[in-house]
Amino acid sequence: TVFCAALCGCVSAPFFPPVGMVAQVKAPLSTDGNWTVGKKSGSADVRCVLGLYAWGDCSITAAAADGGLKRVDYADYEYDNFIYIWQRTKVTVYGE
């Protein structure tokens, strides 16, 4: 289901919510239970078209750089899919 993002190697989530032909879901990447949402946030995404071409960088490092974070306390992700024609995985990090 997270086909394009898996091709790019950016998704390794401990929890995958159910998805279908059309989906818009959010889920945690951090599940240790010892997190707080920091004052700053940053995000990074990867997109895929037709399951053939994927581009972007949805790493935690890229998301932290986007928000100017020096410390990441928590991360989550969003996955959007429209009948596998267009997909997007977005990682958001929170910290200071």
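Student: Is D73 buried or partly exposed in this thing?
Tutor: Partly exposed: D73 has a relative accessible area of 25% in this predicted model.

Student: And what does the D73 side chain meet?
Tutor: The side chain of R71, in a salt bridge with 2.8 Å from N to O. R71 counts as partly exposed too, at 44% relative accessibility.

Student: How many salt bridges are there in the structure?
Tutor: The structure holds 4. Another one of them joins R47 and D45, with N and O 2.9 Å apart.

Student: How accessible are R47 and D45?
Tutor: R47 comes out at 30% relative accessibility, so it counts as partly exposed. D45 is at 23%, which also puts it in the partly exposed class.

Student: Are R88 and E78 buried or exposed?
Tutor: Both R88 and E78 are buried.

Student: Which residues make up the salt-bridge network there?
Tutor: E78, D80 and R88 are linked in a network of salt bridges.

Student: OK, switching to the fold. How many helices and strands does the protein have?
Tutor: There are 2 helices and 5 strands. From the N terminus on, the elements run α-β-β-β-α-β-β.

Student: What's the strand order in the sheet?
Tutor: It's an open sheet of 5 strands, ordered β1-β4-β5-β2-β3, with antiparallel pairing. The edge strands are β1, residues 22–28, and β3, residues 53–56, and each of them pairs on one side only. On average, neighbouring strands of this sheet are turned by 15° against each other, ignoring direction.

Student: How many bridges hold β1 to β4?
Tutor: β1 and β4 (residues 72–82) pair in the antiparallel sense over 7 bridges. In that pairing, A27 stands opposite Y77 in β4.

Student: Which faces of β1 are covered and uncovered?
Tutor: A23, V25 and A27 form the covered face, while V22, Q24, K26 and P28 form the uncovered one.

Student: Now β5. How many bridges does β5 make with β4, and how many with β2?
Tutor: β4 and β5 pair over 10 bridges, in the antiparallel sense. β2 and β5 are antiparallel as well, over 10 bridges. If you want landmarks, N81 has Q87 in β5 as its bridge partner, and K40 has G95 in β5.

Student: Why call β5 largely enclosed?
Tutor: Because 8 of the 10 residues of β5 are buried, so the rest of the structure largely encloses that strand.

Student: What's going on with I83 in the hairpin of β4 and β5?
Tutor: I83 takes a positive phi near 40° there, in a hairpin that has 3 residues between the strands.

Student: Where does helix α2 lie?
Tutor: α2, residues 60–67, lies across β2 (40–49), β4 and β5 (86–95). The helix runs at about 130° to β2.

Student: And the largest nonpolar core, which residues touch the most other members?
Tutor: Y77, V91 and V93, out of 13 residues in that core. The elements that give two or more residues to this core are β1, β2, α2, β4 and β5. β4 gives the most, with 3 residues.

Student: Zooming out, how much of the protein counts as buried?
Tutor: 39% of its 96 residues. The accessible surface of the protein comes to about 5,600 Å², and 56% of that surface belongs to carbon and sulfur atoms.

Student: Last one: what share of the contacts joins residues at least 24 apart?
Tutor: 63%, taken among contacts between residues at least 6 apart in sequence.

How values were computed:
Residues are numbered from 1 along each chain as its sequence is written. This is a predicted model: local features need pLDDT of at least 70, side-chain atom pairs count only at pLDDT 80 or more; totals for chains, interfaces and linings use all residues. Side-chain values use heavy atoms; hydrogens and water are left out. Two strands pair if DSSP finds at least two bridges between them. Helices (H or I, at least four residues) and strands (E, at least two) are DSSP runs, numbered from the N terminus. Axes are lines fitted to C-alpha atoms, for helices over the stretch in contact, and angles run from 0 to 180 degrees between N-to-C directions. Contact means heavy atoms within 4.5 Å. Buried means under 20% relative accessible area, exposed over 50%, partly exposed in between (1.4 Å probe, protein chains only). A nonpolar core is a set of buried Ala, Val, Leu, Ile, Met, Phe, Trp, Tyr and Cys residues joined through side-chain atoms within 4.5 Å. Accessible areas come from the Shrake-Rupley method with a 1.4 Å probe; for residues, only the protein chains shown count as cover.
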